[in-house]
Amino acid sequence: MSGPQCCANPPTLNPNSGAGHVEKLGGLNAYVTGSPDSKLAVLLISDVYGYEAPNLRKLADKVAAAGFYVAVPDFFHGDPYVADGGKPLQEWIKDHGVDKGFEEAKPVIQALKSKGITAIGAAGFCWGAKVVVQLGKREFIQAAVLLHPSFVTVDDIKGVEVPLSILGAEIDRLSPPALVKEFEEALNAISEVDSFVKIFPKVAHGWTVRYNVEDESAVKAAEEAHQNLLEWFAKYVK
């Protein structure tokens, strides 16, 4: 996940963005939005820029409007990656490994279940996709979506037990189309796991959350991916 592409178009973080609020969930601060009475939840796991990214929170609100209780935890404990002037990415990642994210996601899922949630979907963006693929077991969640994943391997994909959607970008050095095709072939070989794989043309890694809101074509491509995510969860998280 090194190199400029993983970190291109950094968001302007805003702790007050979104229609929801921040509360403790499974030991982590989390942006939560949607009806607390919903029995269906969606966990959104961010890229390296964390849970205060306005576009990510806007997507959380959109998923909540479809009837889900949505949680976006702060897996970086108030220390998201800073593109300019912060630690080099390789150094930052040592303190914020995906395996640590996976371990910290388990109490979050328990906390959601203790609220009366009966089904959970999880979507991961870049860094978050590696956490979600590790969560892709029936004991944790009911469905998963990976958006422009980072670090994910074919072996990770082979270990998934729940319906999995992968939304990739044509211009992506971290998960290039050839690798996404390998993911698709691995999924096709697992007959008991429903899957959907799509490569979006003319977009780059990060396009679903790090788009320029004033660029009409960028917004349209991001919204198409958001719609695919919503349809996947509507189908399998119920």
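1. In this predicted model, Ser-17 counts as buried, because its relative accessibility is 10% and the cut-off for buried is under 20%. Ser-17 belongs to the segment that comes before strand E1, residues 21-25.

2. The surroundings of Ser-17 can be listed. A polar atom of the Ser-17 side chain lies 2.8 Å from the backbone oxygen of Asn-14. If neighbours within four places in sequence are left aside, Ser-17 is in contact with Tyr-31, Glu-52, Pro-54 and Arg-57.

3. Asp-37 is exposed, because its relative accessible area is 65% and exposed means over 50%. Asp-37 sits in the loop that runs between strand E2 (28-33) and strand E3 (40-45). From Asp-37 to Trp-127 there are 90 residues in sequence, and their C-alpha atoms are 30 Å apart in space.

4. Next, a pair of helices. Two packed helices are described by the angle between their axes and by the distance between those axes. For helix H1 (residues 54-65) and helix H7 (residues 216-236), the angle is about 40 degrees and the axes are 11 Å apart. H1 and H7 are therefore oblique to each other, and their crossing is right-handed.

5. Which residues of H1 and H7 meet? On the H1 side they are Leu-59, Lys-62 and Val-63, and on the H7 side Glu-223, His-226, Leu-229 and Leu-230. Of the residues in this contact of H1 with H7, four are nonpolar, one is polar and two are charged.

Note on methods:
Residues are numbered from 1 along each chain as its sequence is written. This is a predicted model: local features need pLDDT of at least 70, side-chain atom pairs count only at pLDDT 80 or more; totals for chains, interfaces and linings use all residues. Side-chain values use heavy atoms; hydrogens and water are left out. Helices (H or I, at least four residues) and strands (E, at least two) are DSSP runs, numbered from the N terminus. Buried means under 20% relative accessible area, exposed over 50%, partly exposed in between (1.4 Å probe, protein chains only). A polar contact is a pair of N or O atoms within 3.5 Å; within protein, one must be able to donate a hydrogen and the other to accept it, and residues adjacent in sequence count only if both atoms are side-chain atoms. Contact means heavy atoms within 4.5 Å. Axes are lines fitted to C-alpha atoms, for helices over the stretch in contact, and angles run from 0 to 180 degrees between N-to-C directions. Angles under 35 degrees count as roughly parallel, over 145 as roughly antiparallel, 65 to 115 as roughly perpendicular and the rest as oblique. A crossing is left-handed if the near helix is turned anticlockwise from the far one by less than a right angle, and right-handed if clockwise. Ala, Val, Leu, Ile, Met, Phe, Trp, Tyr, Cys and Pro count as nonpolar, Asp, Glu, Lys and Arg as charged, and the others, Gly among them, as polar.
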